[in-house]
Amino acid sequence: MKKFITLIILMATTFAIAQDITGTWNGKLEFQGVQLRMVVNISQNEAGEYNGTMDSPDQGAKGIPLSNITFSNNSLAFSVPAAGVQYKGDLKDGIITGTFSQAGTSLPLNLSKGLGVNRPQEPKAPFPYYSEDITFKNEKDGITLAGTLTLPEKKGNYPAVILISGSGPSDRNEEIADHKPFLLLADYLTKNGIAVLRFDDRGVGESGGDFQKATSADFATDVEAAFNYLKTRPEINKKKIGLLGHSEGGMIAPMVTEKNNDVAFVVLLAGPGIKISELMVLQNYALGKISGLSEEALASSKAQNKKIYDVVINERDPKIRKEKVTALFKADMGADLAAQGATEEQIDRYAASEAQGILSPWFVYFLKYNPEQALKNTKCPILALNGSKDVQVTPDENLNGIKLATTANKKVTIKKLDGLNHLFQECTTGLPQEYGNIEQTMSPVVLSEISGWIKQQVK
């Protein structure tokens, strides 16, 4: 959901530098019609040695370490050994003109100073409302979470909504591809008379806990703790507290609501409506198709993914599960990697690395989950929105799943919004690699839709 299709390119890249090469540099790597923004951060220690990291915002990758950074005679070079990446470029007139190489493929990559992004919708202080950084305790797991509560005025009695982020470690603004959708949502809703609580995921930002060991069920307890916290605030109307979840957050919201009759309303933004294993197969197919893969390649990928998912879902012994999944990855990619010159040891390391990601506690729980029952048990008003160009949570299948699961609930509104992607941006392709290239953080149509519907529920 916040997880992007794997391209060889993104395993790493790095770039940066100028007469004074220290600082932040940005560029775009183009591959098969897809643009991937790259951000390189370079620093220099007292001994004159360069250190650096690379971010790939469109793929959610940050802090990839660079090695062998050299800069002499206006020529920059660095590498990412773990990914077999090399970069060389020459600095002239403030631009580094260079070449990125990996696995026998070379692509042009030119770098300019700064982040190179424009986010016209991003709210800037001073804000015309009250904002307070707060903490609250998840008593069940013994962790303290940190967030921001915004109120239309410092004193009053307001309806409120808790924002629940999508998959992957997210801060309170749900920052992705240099966008801050939850900051924008909180700003818009608060200006419309609705209090908003947004918080850092456990283990992220100022929140305690360990994100890597947590599952969606654990994140649901964090949301419950946030709900209980809001009930202690005199500025909040305790009978008018709702939940808004994006992507995986749209799965977590009903998990919380089915156990808590006090939740006043639920907003699902690109929330799952079908088995997650089915959703992932559809996601991989949609991403591959728009990326230009042939039907043969798509069919092969679908079959391979289904084999892996079946093992993850059905094999109960963790050791055997790991062995089987690793073997499937090796069988799928081993021959291609060997043809590119990889050794048997390197192929084994690749297969083990891919298996490790699939077998994390979060993904195993996630893949096994079916949102149907929680949706059936959600009795409060529901607003479910999805973009017609969402390729991560495909709209037709998931909105239809939500509709079928909530048939008994007469207070459900379901809408597919034309031309919007998974982040609810007006877009061209819907591909995740496009998110960062779009200046818009969220369509005004969506902001208005959410605000208007919530105000109707809390009259």
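User: How far apart are the mean positions of the positive and negative charges of the chain?

Analyst: The mean positions of the 49 positive and 52 negative charges are 7 Å apart, where Lys and Arg count as positive and Asp and Glu as negative, with His and the chain ends not counted, and where the place of a charge is NZ of Lys, CZ of Arg, CG of Asp or CD of Glu. This is a predicted model, in which local features need pLDDT of at least 70 and side-chain atom pairs count only at pLDDT 80 or more, while totals for chains, interfaces and linings use all residues. Residues are numbered from 1 along each chain as its sequence is written, and side-chain values use heavy atoms, with hydrogens and water left out.

User: What makes the radius of gyration of the chain agree with that of a compact globule?

Analyst: The rule for a globule is 2.2 Å times the number of residues to the power 0.38, with the radius taken over C-alpha atoms. For 459 residues a compact globule would have a radius near 23 Å, and the chain has 23 Å, so the two agree.

User: Why is E174 called buried?

Analyst: Buried means under 20% relative accessible area, exposed means over 50%, and partly exposed lies in between, with a 1.4 Å probe and protein chains only. E174 has 1% relative accessibility and therefore counts as buried; its place is in the loop between β12 and α1, and its phi is near 50°, a positive value in a residue other than glycine.

User: Is N73 buried or exposed, and how do you know?

Analyst: N73 has a relative accessible area of 77%, so it is exposed. N73 lies in the loop between β5 (67–72) and β6 (75–80), and its phi, too, is a positive value near 50° in a residue other than glycine. Most residues other than glycine have a negative phi.

User: What makes helix α1 mostly covered?

Analyst: Helices are DSSP runs of H or I with at least four residues, strands are runs of E with at least two, and both are numbered from the N terminus. Helix α1 covers residues 181–191, and nine of its 11 residues are buried, among them F182, L183 and L189. These buried residues pack against elements including β13 (195–199), β14 (236–246) and α11 (444–457), and just after α1, G193 takes a positive phi of about 90°.

Note on methods. Contact = heavy atoms within 4.5 Å.
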